[in-house]
Amino acid sequence: MAPVQEDRFDISRDFVGIVGKLDLTSLESPILHNSHLHPRSPLIVDDCDGHSNCWSAQILRPSAPKSSRALGQNPHIITTFAGSIWQLPARNGLSEVNALRNTLSYAASEQNFQMVRQIEGDFVAAVLRSGKVVLLRSLTSTTTLYFRVTPKAVLWSTNFMDLVDDPISDLDFGKLAYVAWGGNRIPYSGIETVSQDEVVTLSAGKISRMQFDDYITPVHNKRHMPLPEWGEMARELLLAAVAKRAKRFKTIGLLLSGGIDSGAIARCLVDAGAQVQCYHWASPSYPPADESPYVRKVSTMLDIPVTTIDIGSDRLSSSSFLSAEWRFAVPYNHSLYRWWKETISLAQGEIDCLMSGRFGGSFHLGVGIRPPTSIGLSEAAKYIWNSLSLPVPTKQLLIHLIPALAKTGFFQKFLPAYDPEEPLLNLNREEAVTIEDTAAVDGRQVHHFTDQAKRAVIIPLGQGFEDSLQTLALNINDLHPADLVHTSPYLDRDLRSFVRSIPNAYRCYPYGGQVIDKPVLRQAFMDLLPAEVIRHNFTQFYAGIRYQYCLNNRRFLKEFFAPDSYLVQYDVIDSDRFSQVLSDQRKLQECSGTIFINFMAELWLRTLASKKEGKSC
């Protein structure tokens, strides 16, 4: 085999996804070749035919096809892709992988990207042809495709770190501060993303973008249907979304929280005949965050096994809940990494796919009582009547009201500092703060940031607000090394279109003195899930767990964020202010979620420094 030439095409496929480079300094007809990154368990993609696990499980290991033709039927077109496919149109005798490659190649050649909608899957792709590269990302893909354009080359990858020249020197301070707070931003300048249902065409001196999927147009026009009929349609669509994914795998793992979102998926998995193993994040040592009673009822009713992952009070009293030994190739900006890591460790070898109820909140899409529009006179009358009724006894009303007030931050403003004997009052609000919520960011979550970092946090930086950093970090650190794919059926195209059709009145529904969240989804599984889960209408609160850990481990945190730590050196954290926060229980409660994310960002920076110094990670 001829040696690989240093040509303007450098195409690689790694364990996480794809990476490539188009050299703009030479526009003559290219000599096609491919190279690979750090070979481990080499696997030729063309060997993954039909419904084999190597494709459906989103495992694209480093591979070096024997010739350029293995990357496409046309030697002048190179097509690379990464992801999971649920359904394909007729393949005319081709293997599934080749059928997908041909469809993508033809779509790019003919500039007909509507045909990509025929492919149901969570995938990204790059197609190279005639001095240009076409990047696309499916509507439901949680994997992000990044790209960077320089005067000499176009580069793209499913890991933005592949596009960075010097990971330390090129850091953007403002974006680093935003990441350290918990925002989803690439901490480097000049790197852009391909959005869901978007195609980006790159060539010398030109970038064009377009959306190719019109799922946003509601397809269900029966807006005057009563609530039970909406529920029936929702159940049918969710069952179809679950079934088409479940058939790709031998054993399905499910993150079962105890709420309606994951409970509905559990029911659909059982109805689809799938082999299911559930995992539940429990916290009996902190009751306001514990949903174990709901999970036990679901497990009993559906007769499915559940593995409980308990952080335990002993973890909160020691530094082992957060480990300074963790390493991150990309920043991870969420506070539940310990639970994810333990779940994946237990699931490895037991399951092929991990499902969750992520994005089930799309059935809500708003807060407060929604106006009774477009639901017909009789349904509107029921809506108004229920909004006026109050059949709930005062004691029961208060039991529901306390968590609701806590979620709005009521206790932070009017109640005294945390008392360990009264854990119910330690209910800090979740840090689901949007970029417009500048008052909350500036006032309660970043007392320990420098003034410059505070200003950086509240300035919009122009990139989509999504959980791409969390997804990428989990993929690289844990999911892909364990041969697992994480997916959510709520991302299904048909289901998302259906949700957009739901009238406002059926997004929140007043009944019995409270506003019921996601009434359509609850109606869909009435009598198919335990009544307690159907009625379970409040989010459990993890903020108290974070605060309790920080309260018990102040010395460890102070040493971890010493003056020589990277976030202090980069002027994101002020050492003196951080010490003050650790000594002030009120401020510590308000900043605990941010401190967890600071911890992850610091670990990422230490990983970068170790790699640059050539140290083992």
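Hi everyone, let's start with a contact: Ala266, Arg267 and Val270 in helix H5 meet Val298, Met301 and Leu302 in helix H6. Here contact means heavy atoms within 4.5 Å. Sorted by class, this contact has 5 nonpolar, no polar and 1 charged residues. For the classes, Ala, Val, Leu, Ile, Met, Phe, Trp, Tyr, Cys and Pro count as nonpolar, Asp, Glu, Lys and Arg as charged, and the others, Gly among them, as polar.

Before we go on, a word on what you are looking at. This is a predicted model, in which local features need pLDDT of at least 70 and side-chain atom pairs count only at pLDDT 80 or more, while totals for chains, interfaces and linings use all residues. Residues are numbered from 1 along each chain as its sequence is written, and side-chain values use heavy atoms, with hydrogens and water left out.

Now the overall picture. The chain has 22 helices and 17 strands; these are DSSP runs numbered from the N terminus, with helices (H or I) of at least four residues and strands (E) of at least two. Of the 617 residues in the chain, 56% are buried. Buried means under 20% relative accessible area, exposed means over 50%, and partly exposed is in between, using a 1.4 Å probe and protein chains only. Among contacts with a separation of 6 or more, 74% come from residues 24 or more positions apart.

Back to the helices. Two packed helices are described by the angle between their axes and the distance between the axes. The axes are lines fitted to C-alpha atoms, for helices over the stretch in contact, and the angles run from 0 to 180 degrees between N-to-C directions. How do H5 and H6 cross? The axes of H5 (residues 260–271) and H6 (residues 292–302) come within 11 Å and cross at roughly 15°. That makes H5 roughly parallel to H6. Angles under 35 degrees count as roughly parallel, over 145 as roughly antiparallel, 65 to 115 as roughly perpendicular and the rest as oblique. H5 passes H6 in a right-handed crossing; a crossing is right-handed if the near helix is turned clockwise from the far one by less than a right angle, and left-handed if anticlockwise.

Next, helix H4 (residues 227–246) and helix H15 (residues 493–501) pack at about 165°, with their axes 9 Å apart. H4 is therefore roughly antiparallel to H15. This time the crossing, H4 past H15, is left-handed. In H4, Trp230, Met233, Ala234, Leu237 and Leu238 meet Asp494, Leu495, Phe498 and Ser501 in H15. Those residues divide into 7 nonpolar, 1 polar and 1 charged.

On to the aromatic rings. How many aromatic pairs does the whole structure have? The search finds 24. Rings of Phe, Tyr and Trp (its six-membered ring) pair if their centres lie within 6.5 Å; planes under 30 degrees apart count as stacked, over 60 as edge-to-face and the rest as tilted. The rings of Trp281 and Trp339 have centres 5.5 Å apart and planes at 55°, so this pair is tilted. Trp281 sits in strand E12 (residues 275–282) and Trp339 in helix H8 (residues 337–347), so the pair ties together parts 58 residues apart in sequence. Trp281 is buried at 13% relative accessibility, and Trp339 is buried at 1%.

Another pair, Tyr549 with Phe596, is edge-to-face, at 5.5 Å centre to centre and 80° between the planes. Tyr549 is in helix H18 (residues 543–552) and Phe596 in helix H22 (residues 585–612), so to speak distant parts of the chain, 47 residues apart. Tyr549 and Phe596 are both buried. Is H18 enclosed or open? It is largely enclosed by the rest of the structure, because 9 of its 10 residues are buried. Ring pairs also link Phe556, Phe560, Phe561, Phe578 and Phe599 into a cluster.

Finally, some loops. Ser356, between strand E14 (353–355) and helix H9 (377–388), is buried at 3% relative accessible area. Leaving aside residues up to four places away in sequence, Ser356 touches Leu254, Leu255, Ile265, His486, Thr487, Ser488 and Pro489.

Most residues other than glycine have a negative phi. Asp303, though, has a positive phi near 55°. Asp303 lies in the loop between H6 and strand E13 (306–310) and is exposed, at 69%. Asp571 also has a positive phi, about 60°. Asp571 lies in the loop between helix H20 (566–569) and helix H21 (575–583), and at 41% relative accessibility counts as partly exposed.
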